[in-house]
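Here is a short briefing to read alongside the model.

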Amino acid sequence: MIYKYRVVRSARKSIAVSVSAKNEITVRCGWEVHDKTIEKFLDSKSDWIEKVVLRNSKKLAVNDDVIELESIYIGGTKFPLSICGKNEITTEGVFVKSKADICTLYIKTFFADFKERVEELARQYRFYPAEISVKNYTGRWGCCDAQNNLIFNYKLFMLPKSLQDYVIIHELCHTICHNHSNAFWRLVGEILPDYKQCRKDLKNFDFLTTLY
């Protein structure tokens with residue numbers, strides 16, 4: 001295995017490998033699995049790992065300036081990012097006192113309009129969510145809980161409007177189907193026939209979920 005990886009052991013019986021948006025490779029396996037077994041398993045998955053790592057590398061290269069905190073997305077468009085003495089968004093860019101202030105600034109600036117869009121789509125397609133809120137999720141774009149409360153990742157405000165709408169529809173459909181069954185995806189497809197392309201395009205921004 002030519003790539004570095006970390007091993008997470010637990011009581012599980014199978015072996016699995018995952019590659020994050022930042023090309024962090026993780027192997028999950030049982031307590032008793034030997035290192036040689038892990039290496040053999042990774043060798044069997046090497047073509048897939050190489051493909052994912054290459055794809056991720058291309059995405060990350062396009063967003064070097066974002067990763068280095070020199071730029072930041074708003075609605076799918078890059079703006080200059082400056083860490084300085086104020087928290088403000090202007091036509092010239094985004095200004096924050098610290099990286100940690102991005103979350104608060106984005107929610108203050110964009111949440112009201114985003115919530116209106118969620119409510120608009122809910123009315124249009126006759127969904128009935130409970131509360132609508134945002135938080136700083138890591139690793140996911142949104143969530144619908146058992147009470148049909150919708151919680152979205154504030155980093156959605158960084159995405160193109162079409163992808164924001166896809167995530168909104170996705171979570172609204174979970175108010176009807178609390179799983180990813182065939183029935184769920186049929187419901188999504190009835191509203192967004194191109195949802196598969198949206199899912200693919202959304203992966204280009206996965207790195208944002210762990211960047212801030």
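Strand E4 is covered on both of its faces. Ser-71 and Tyr-73 lie on one side, Ile-72 and Ile-74 lie on the other, and all of them are buried. Please bear in mind that this is a predicted model.

- E4 pairs with strand E5 (residues 77-83) in the antiparallel sense, over four bridges.
- Ser-71 has Pro-80 in E5 as its bridge partner, while Tyr-73 stands opposite Lys-78 in E5.
- Two residues separate E4 and E5 in the hairpin that they form.
- Gly-75 sits in that turn and has a positive phi of about 60°.

**The sheet and the helix on it**

- Four strands make up an open sheet with mixed pairing, and their order is E4-E5-E7-E6.
- At the edges are strand E4 (71-74) and strand E6 (88-90), each of which pairs on one side only.
- From one strand to the next, the twist averages 30°.
- Helix H4 (residues 101-125) packs on this sheet, where it touches E4, E5, E6 and strand E7 (93-96).
- The direction of H4 makes about 125° with that of E7.

**H4 against H5**

- Two packed helices are described by the angle between their axes and the distance between the axes.
- For H4 and helix H5 (residues 161-173), the packing angle is about 55° and the axes are 10 Å apart.
- How do H4 and H5 lie to each other?
- H4 and H5 cross in the right-handed sense.
- On the H4 side, the contact is made by Phe-114, Arg-117, Val-118, Leu-121, Ala-122 and Tyr-125.
- On the H5 side, the residues they meet are Gln-164, Asp-165, Ile-168, Ile-169 and Leu-172.
- By class, the residues of the H4 contact with H5 are eight nonpolar, one polar and two charged.

**H5 against H6**

- H5 also packs with helix H6 (residues 182-191), at an angle of about 135° and with the axes 10 Å apart.
- H5 and H6 are therefore oblique to each other as well.
- The crossing in which H5 passes H6 is right-handed.
- H5 brings Tyr-166, Ile-169, His-170 and Cys-173 to this contact, and H6 brings Phe-184, Trp-185, Leu-187, Val-188 and Ile-191.
- The residues of the contact of H5 with H6 include eight nonpolar and one polar, with no charged ones.

- Is Thr-209 buried or exposed? Thr-209 counts as buried because its relative accessibility is 6%.
- Thr-209 is placed in the segment after helix H7 (195-202).
- Leaving aside neighbours within four places in sequence, Thr-209 is in contact with Tyr-137, Thr-138, Gly-139, Arg-140, Trp-141, Asn-153 and Lys-155.
- Lys-40 is found in helix H1 (residues 35-44), and it counts as exposed because its relative accessibility is 66%.
- Lys-40 and Arg-55 are 15 residues apart along the chain, and 23 Å separates their C-alpha atoms.

Technical notes. Residues numbered from 1 in each chain as written. Predicted model: local features only at pLDDT ≥ 70, side-chain atom pairs only at ≥ 80, totals over all residues. Heavy atoms only, no water. Pairing = 2+ DSSP bridges. Axes fitted to C-alpha atoms, helices over the stretch in contact; angles between N-to-C directions. Contact = heavy atoms within 4.5 Å. Left-handed = near helix turned anticlockwise from the far one by under 90°. Nonpolar A, V, L, I, M, F, W, Y, C, P; charged D, E, K, R; others polar. Buried < 20%, exposed > 50% of the residue type's maximum accessible area, 1.4 Å probe, protein only. Parallel < 35°, antiparallel > 145°, perpendicular 65-115°, else oblique.
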